[in-house]
Amino acid sequence: MRTNPILSCVIPAYNEAENLPKFIPALAAKLDQQHLAGYEIIVIDDGSKDNTLDVLYSMVEQYPLRVLELSRNFGKEAALSAGLDHVTGDIALLIDADFQHPIDEIPTMLNLWRNGYDMVYGIRNRTTESWLKRIFTHTYYKLLSFSASVEIPENAGDFRLIDTKVVHAIQNLPEKNRYMKGLYAWVGFKSIGLQFSEQERQHGTSSFNFKSLFNLALSGLTGFSDLPLRMCIYLGALLALIAMAYGCWIIGETLIEGSSVPGWATLAAGMTLLGGIQLLFIGILGEYIGRIYTEVKNRPKYIVAAEYSKTKTPAPITEIKTP
């Protein structure tokens, strides 16, 4: 199987109408050179607002293409899960449709898989990014590595080649709030990183803004670490000790020097500080409770509204994926 595998490409797409007409032919041309027993290209339309679906429909007859149309925008993590749930090959290649993941690295990834690795993940070279973003990213991964139950490789993204047994392991994870980078690390298996330089996006702009990146980072931190809750305990204990020490100092001062003018400014500042910290702690607890609430509702990770391929009549379907 590791000599001539069947490869399934998983490509999440959101407003990629300009990139797909060039990307799909380039990807197919590269895969035709890899001595594969066969391959399929699974594109997940994650509720695009442009004519991404029309572009994909026009290419269905030309390439071994399968199009999954989600009923709305569920986010990249859900789109990746949808693609992995529909994989039929021996290995799966996760790659973006905007050319930022280098197609030329695919032969190297296949060779590493043939040499026995179950997962080959790309490691981004961030030297072209601003120093501020590099510092925040490095700090985040250090914090995550320190507190998470598994080691999540720094700068490892969704560009990766994974064996079918890894795919099955991820499919069996029932959680709805998905931080895919953490799930890849959690399932384990023999893995190796591959350095690559992210290419310029050829068309369009990335939908990942600061808010999206912050929410993704928060999802990873709360999904794989209880450090925020522990910090609440530690900081709460520290403030309690400080308050007790301050109380003892006030009692001692009163016994020695007598009653003094009340320190309203100190009292107001202290109450404001403690009130802010309490609200912060409530927010952290609320984030964890919110994740529990989402899981308990047991709603599907995504809904497939229609599926199209050369061998499948383009008739709408409704598929609700549940664990």
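Trainee: Buried means under 20% relative accessible area, exposed means over 50%, and partly exposed is what lies in between. So is Tyr308 buried or exposed?

Mentor: Tyr308 has a relative accessibility of 11%, so by that cut-off Tyr308 is buried. Keep in mind that this is a predicted model.

Trainee: Good to know. How many helices and strands does the protein chain have?

Mentor: There are ten helices and nine strands in the protein chain. The chain runs to 323 residues, and 44% of them count as buried.

Trainee: And what share of the contacts comes from residues 24 or more positions apart?

Mentor: Among contacts in the protein chain with a separation of 6 or more, 80% are between residues 24 or more positions apart.

Trainee: Let's look inside. Which residues touch the most other members of the largest nonpolar core?

Mentor: Ile24 and Leu65 do, in a core of 41 residues. Helix α1, residues 20-31, is the top contributor to this core, with six residues. There is another core apart from it, with 27 residues, including Ile42, Leu84, Ile162 and Ala169.

Trainee: Back to Ile24: which residues is it in contact with, leaving aside neighbours within four places in sequence?

Mentor: Ile24 is in contact with Ile11, Ile41, Val43, Met59, Tyr63 and Leu65. In general, nonpolar side chains of soluble globular proteins tend to be buried together.

Trainee: Switching to rings, how many aromatic pairs are there?

Mentor: The count is two. In one of them, Phe23 and Phe99 have ring centres 5.3 Å apart and planes at 85°, so that pair is edge-to-face. Phe23 sits in helix α1 and Phe99 in the loop between β4 (91-94) and α4 (106-114), so to speak distant parts of the chain, 76 residues apart, linked by the pair.

Trainee: Are those two buried or exposed?

Mentor: Phe23 and Phe99 are buried. The other pair brings us back to your opening residue: Tyr57 and Tyr308 are tilted, at 4.5 Å centre to centre with 50° between the planes. Tyr57 belongs to helix α2 (residues 52-59) and Tyr308 to strand β8 (residues 303-309), so this pair ties together parts 251 residues apart in sequence.

Trainee: What about the backbone at Phe99, what is its phi?

Mentor: Phi of Phe99 is near 75°, which is positive in a residue other than glycine. His35 is another non-glycine with a positive phi, of about 55°. His35 lies in the loop between α1 and β2 (38-45). The relative accessibility of His35 is 64%, so His35 counts as exposed, whereas Phe99 is buried at 14%.

Trainee: Now charges. How many salt bridges does the structure hold?

Mentor: Six. In one of them the side chains of Arg66 and Glu40 meet, with 3.1 Å from N to O. Arg66 is in strand β3 (residues 65-70) and Glu40 in strand β2, so the pair joins parts 26 residues apart in sequence. Arg66 and Glu40 are buried, and Glu40, Arg66 and Glu307 are linked in a network of salt bridges.

Trainee: Nice. Which residue does Lys76 form a salt bridge with?

Mentor: Lys76 pairs with Asp96, and their closest N and O atoms are 3.1 Å apart. Since Lys76 is in helix α3 (residues 76-85) and Asp96 in the loop between β4 and α4, the bridge ties together parts 20 residues apart in sequence. Asp96 is buried, with 13% relative accessible area.

Trainee: One more topic: which residues make the nonpolar surface patch of about 250 Å²?

Mentor: Leu235, Leu238 and Ile242 make that patch. Leu235 is in helix α9, residues 227-257, and at 33% relative accessibility Leu235 counts as partly exposed.

Trainee: Then how many residues of helix α7 are buried?

Mentor: Six of the eight residues in α7 (residues 180-187) are buried, so to say mostly covered. They are Met180, Lys181, Gly182, Leu183, Tyr184 and Val187.

Notes:
Residues numbered from 1 in each chain as written. Predicted model: local features only at pLDDT ≥ 70, side-chain atom pairs only at ≥ 80, totals over all residues. Heavy atoms only, no water. Core = buried A, V, L, I, M, F, W, Y, C linked by side-chain atoms within 4.5 Å. Buried < 20%, exposed > 50% of the residue type's maximum accessible area, 1.4 Å probe, protein only. Helix = DSSP H or I, 4+ residues; strand = E, 2+ residues; numbered from the N terminus. Contact = heavy atoms within 4.5 Å. Patch = residues over 30% accessible without salt bridge, like charges linked within 9 Å, V, L, I, M, F, W, Y side chains within 5 Å. Areas by Shrake-Rupley, 256 points an atom, 1.4 Å probe, with all protein chains shown as cover. Salt bridge = Lys/Arg side-chain N within 4 Å of Asp/Glu carboxyl O. Phe/Tyr/Trp six-rings, centres within 6.5 Å; stacked < 30°, edge-to-face > 60°.
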